[in-house]
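The following account leads the reader from a single residue to the chain as a whole.

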Amino acid sequence: MNFDGLFSNFGELTTTGLTQGAIYALVALGYTLVYGVLKLINFAHSEVFIAGAFFAIWTWNWFGLDQNSQVSGAGSIIFYLLVAMVVAAIASATTATVIERVAYRPLRKRNAPPLAFLITAIGASIAIAEAFGIWTRRRPEGAPILVGQEPLFRIFGVPIDAVQLLTIGAALVMMIALDMFINRSRVGRGIRAVAQDANTAALMGVNKDRIIMIVFIAGGSMAGVAGLLYDVRIQTLTYSVGFLLGLKAFTAAVLGGIGNLRGALVGGLLLGVVENYASGLFGTQWKDFAAFALLVVLLMFRPTGLLGESLGRARA
Amino acid sequence: MRQKLARVIGGAAMLALVAGGTACSSGSDDTASGGDACGNKIAFFGALTGPSAALGINENNGVKLAVDKYNKENADCKVELVPLDSQGSPDQAPQLAQKAIDDTKILGIVGPAYSGESEAAGPLFNEAGLVTITPSATNPTLAKQGWKTFFRAVGNDLSQGPGAGNYIKNVLKAEKVYVIDDQSAYGAGLADEVKKLLGPAVVGSDKVQGDGKQVEFSAVVTKVKAANVDAVFYGGYYQEAGLIRKQLTAAGITAPMVAGDGVNDAAYITSAGAAAAEGTILTCPCQPAAEARGTFKEEFKALNGTEPGTYSDTAYDAANILLAGIKAGKTTREGLLEFVKGYSGEGVAATYKFVEGGELDPAQVKVWAFKVVGGKVVPDQEIPKS
């Protein structure tokens, strides 16, 4: 064990861990939302993320930018980021909607057992990932360097760069917006109603299918933004990266309390830093061990996660 | 699950291929036996189509040149070259090996080109006593299977380790080195050799996950940055190497990365980006084809219409070893196997002599350094042995 390595790099391990955690958290939202409403683990959500990440890169390619391009000027950087964000969110939301229409809705109409949903989800996930694999010839695709990773300033000697600010900032803004949407808006009340008791909600005039569609669109958009942030940070994308990232995000959702939006944020950030601390302390080969051991231990003591399941609970 | 599906589809494709393949080869058999009294054959075993075919085509062209020259000199008793297209797939290798074994006129094989297919086909060749000389399968375990028929005309992966270490020590003159590997047999094996050679100059090391399981290396980057090193060695494959290089550069680490031939793939430069990849050193237990001795390069170009590529020269040499045996009258599989075992002689790429397990004599192994310059991999220099 390398305590020296952990303590001397503690600040940097924390900031980079939080950045990665923010991406986990955004993807985790999709799992949590769908679970909260349908009590269904949408395993195909990892491919919703991948769709956004690929479409963001393809958007930049369409503008003539590849992995060797350097973009300068704040105006054009913001322009490229915003355009790619919109495209990625649309691509991901569309993918999520298609999955819901093709894979889940017909099963729901026929009252299929939960196992059927699970297998369909895994099937859809593999099919979509493979389709991207074939389309990209299983080669990595590179993103242009849009946001520099040179330190902008230091907090207690820990360098902070623009990518970190952008990732964590964007994740927080999206989270707060989604939280307000669910808790304050009329549609949000519908979502909470369906999550609590779908049949009663229907009797009260809530259109269940429409609500479910909105949930998939909202979760998909978050995953699309996560895909964009992933591209900005990692700058390279392979068709197969969704699987493990999806699994981590799902872990984050469970850690925080699945069905609970704020739990997704807490779980994601916690997972990100724990992975980095373990990498610093034991070596990077222990990263995934630490992440999943944390999940097992935490669920032993708090089976519903850190903040508990709350989307379905009665509230105002 | 994914693998299973791939296997089913692969199986169907294989059946189609085997059916197609037999139709073709029976055709060529007729012409060969009709045209020549001796009818001896050698085969090339490797990928000639599919995504990994580039290397196989390089090699097959080298073999073709050797056979072509032989037949010009021995017009009365020619040797026929049988190309066996494995598509680089270990799944297809056993059937293809059986096909070669069943054709009793095939006396020796140049190949299999890759380690995976070698592993799958090796036991069959061993049982049949059919000698194989691989020009490019570099997995060290292949020589430890107890196959009597396995010979390797290049150094194995582990010979690159000391080569990379020597380059870091003597050419880069790095005093502080960080070593990363992907925990694979290949990557960790290389990293261990480098650590052994560099000793106290290795100021830190870490292990990451290979096979695309890890894309985020911020913890490693932090450690490398804190160690303030002159060079980073990576034992593993191009996929992770590209990401690590990119993330190191993004964090302001300019120390060059040194890696083995597992990173020598265009995808490394795509995923790192040409700017970050610039200056990366890639070792290879091979020499640039342009370094081949004599008139090999010109003859190769005249016959095939292209420049020789990686391993064209070793494949040419491997074929020549087999042909020298046939010329010496070793026209049984047993005879040729014994001939190769005792062989010692000059080729265009190296001097050949095989030691235990069929490995090339370590004194003859050349390790070259290649460098990424302007988004392309170009030869840098032969790495001195110490």
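**From one residue to the whole chain**

Thr222(B) has a relative accessibility of 2% and therefore counts as buried (under 20% relative accessible area, with exposed over 50% and partly exposed in between; 1.4 Å probe, protein chains only). This is a predicted model, in which local features need pLDDT of at least 70 and side-chain atom pairs count only at pLDDT 80 or more, while totals for chains, interfaces and linings use all residues. Residues are numbered from 1 along each chain as its sequence is written, chains are lettered from A and ligands numbered from 1 in the order in which they are written, and side-chain values use heavy atoms, with hydrogens and water left out.

Thr222(B) belongs to helix 7 of chain B, residues 218–227 (helices are DSSP runs of H or I with at least four residues, strands runs of E with at least two, numbered from the N terminus). From there, its side chain reaches the backbone oxygen of Ser218(B) at 2.8 Å. Apart from neighbours within four places in sequence, Thr222(B) is in contact with Asn9(A), Glu12(A) and Leu13(A) (heavy atoms within 4.5 Å).

Chain A has a radius of gyration of 20 Å, which agrees with the value near 20 Å for a compact globule of 316 residues (taken over C-alpha atoms; the rule is 2.2 Å times the number of residues to the power 0.38). The C-alpha atoms of chain A fill a box of roughly 55 × 50 × 35 Å along the principal axes. Of its 316 residues, 58% count as buried.

Terms used
Polar contact = N/O pair within 3.5 Å; in protein donor to acceptor, adjacent residues only side chain to side chain.
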